[in-house]
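Please keep the structure open while reading.

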Amino acid sequence: MLLDHSAVRLGTASRAVAAPPSTARRPRLQAGRTPWAGRYSRALTAFEAVAAAVAGVCVLGTHPGASPTTSLFWASVGLVVVWPVLLHATGAHAERVFGTGSDEYRAVGRAGFLLLAVAGFASYAAELDLSRALVVGAVPALTLGTLLGRFAARRALRGLRVQGRCTKRVVVVGRGTAALELVDRLRREPFAGLEVVAACVTPDDRDRVAGAAGVPVGGLDDVLTLAGRLGADTIAVTSASETAAQYLRSLSWQLEGTGIELLVAPGLVEVAGPRLHIRPFEGLPLLSVEQPRFQGWQRVVKGGMDKVVAALMVLLIAPVLLGIAAAVKLTSPGPVLYRQERVGVNGRAFTMLKFRSMVVDADRQVGALLAHNISDGLLFKMRVDPRVTPVGRVLRRLSLDELPQLFNVLGGSMSLVGPRPPLPGEVARYDTSVSRRLLVKPGLTGLWQISGRSDLSWEESVRLDLRYVENWSLAMDLLILAKTARAVLSKSGAY
């Protein structure tokens, strides 16, 4: 399992030759999954068996003549056993997929395709009289129902993890700055289920890390001792020079037979998911990082989907748009729409449209309000901005002021999903890494929208935009669109 939390470049391996694995007595934990994971897996198995039984009953209900002498009867009954077995076989019950990532959903999808293939092959090869209701109806419905059940179970698991339950106890290993960054990321993302209980760093960093992390701190040779004393079941290693090559190999040897999981942060900023692959070269495993795709058929599909969805939304919410326009016009003097120059893909400027939510001369009042700026970056933000009109405050809370950007999407200057559209003044102060946000079209919504909006720090909003640029996919766009409605209704970070 690879973590994408570290932003430290993989350093040069130490020239010292690692000592062979120590023969000293090492702390041993019970091998296998943690107790909560076993209970979680059993609960999922029970749900899957019940779902398969319901699917089988539905199939038999459409064929009243089916009896224990028919193949359809036994195929329907067999779903109760076959479906959970296939899910276990495809890795849908592996502890590493619980709670985070998309591997769990892909494993369920693979099990569904495998069940379809098995049913189709068995029906043809053995000349079984299997109903279309089973192959075309029950199996896809069972797969979809299982996916929905997994989604509900994941929500419940994440809630428990936020409360400090169903977690793994982690010892972070690495250089001081890299270790502190990883500790901070894990604490800010409790749904990942990794609770930091100790850190092992270089001697010069021990005091600084102990003060900042607030956990017991040891040296790089104290990893197993601390893990055994604190009951840790996971070691997370950052990719700094002291934790590269020989040291990492020696540590992996020492962990053999202890039941402790070893995680390695690859040191690639916001690069994860489908772009990372392990490729063996003559027995040497290397981490292959694919180039991000900014062109190709997926981009064509994305552009077509943007325009079709935007056009449909404009038609469906036309009465809402007219109502908002009337409310803005009747409650404050000035134009209905606010036009502002923003910077789009490849640095091209465009005019972004919004419903006006402030007084007409709002831009000229910024200088007088700078003392109240709460932003830590290039933006100006106020929680209670006196320039916002009463109607504008409602529009902002529900993000309704953003709806005219659908016309920007139709015009091709924006996308439904993408980085936040920046101002020219921001772009002028971008460094090389931040300017990568301009490699794709800005979006009406994005990771920043579903992760806190204006409550995000400048660094966090940039990190989210870069994550999107580096790991974009159609599946990610669909997931962000699905989560946007919840973010808007929660009103978090909207002011």
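Predicted model: local features only at pLDDT ≥ 70, side-chain atom pairs only at ≥ 80, totals over all residues.

1. Helices H1 and H2. Start with helix H1, residues 35-61. Its axis and that of H2 come within 8 Å. They cross at roughly 155°. H1 and H2 are therefore roughly antiparallel to each other. The crossing of H1 past H2 is right-handed.

2. What H1 and H2 put into the contact. On the H1 side, the residues include Ser 41, Thr 45, Glu 48, Ala 49, Ala 52 and Ala 53. Ala 55, Gly 56, Val 59 and Leu 60 of H1 also take part. H2 brings Leu 72, Phe 73, Ser 76, Leu 79 and Val 80, among others. Trp 83, Pro 84, Leu 87 and His 88 of H2 belong to the contact too. By class, 13 residues are nonpolar, five are polar and one is charged.

3. Helices H5 and H6. Helix H5 covers residues 176-188, and helix H6 covers residues 206-213. Their axes come within 10 Å and cross at roughly 15°. That angle makes H5 roughly parallel to H6. This crossing is right-handed. H5 makes the contact through Gly 176, Thr 177, Leu 180, Val 183 and Arg 187. H6 answers with Arg 208, Val 209, Ala 212 and Ala 213. Five of the contact residues are nonpolar, two are polar and two are charged.

4. The five-stranded sheet. What is the order of the strands in this open sheet? It is S3-S2-S1-S4-S5, with parallel pairing. S3 (217-218) and S5 (261-264) stand at the edges. Each has a single partner strand, so one side of each is left without a neighbour in the sheet. Two bridges join S3 to S2, residues 194-200. Ala 199 has Val 217 of S3 as its bridge partner.

5. A helix on the sheet. Helix H7, residues 223-230, packs on this sheet. H7 touches S1 (168-173), S2, S3 and S4 (234-237). The direction of H7 makes about 140° with that of S2.

6. Strand S8 spans residues 337-343, and strand S9 spans residues 349-355. Seven bridges join them, and they run antiparallel. Arg 339 has Leu 353 of S9 as its bridge partner. Five residues lie between the strands of this hairpin. Asn 346 takes a positive phi near 60° there.

7. Salt bridges. How many salt bridges does a search of the whole structure find? It finds 15. One more detail deserves a look: Glu 95 forms a salt bridge with Lys 168. Their closest N and O atoms are 3.8 Å apart. Glu 95 lies in the loop between H2 (71-89) and H3 (103-125), and Lys 168 lies in strand S1, so the pair ties together parts that are 73 residues apart in sequence.

Conventions: Residues numbered from 1 in each chain as written. Heavy atoms only, no water. Axes fitted to C-alpha atoms, helices over the stretch in contact; angles between N-to-C directions. Helix = DSSP H or I, 4+ residues; strand = E, 2+ residues; numbered from the N terminus. Parallel < 35°, antiparallel > 145°, perpendicular 65-115°, else oblique. Left-handed = near helix turned anticlockwise from the far one by under 90°. Contact = heavy atoms within 4.5 Å. Nonpolar A, V, L, I, M, F, W, Y, C, P; charged D, E, K, R; others polar. Pairing = 2+ DSSP bridges. Salt bridge = Lys/Arg side-chain N within 4 Å of Asp/Glu carboxyl O.
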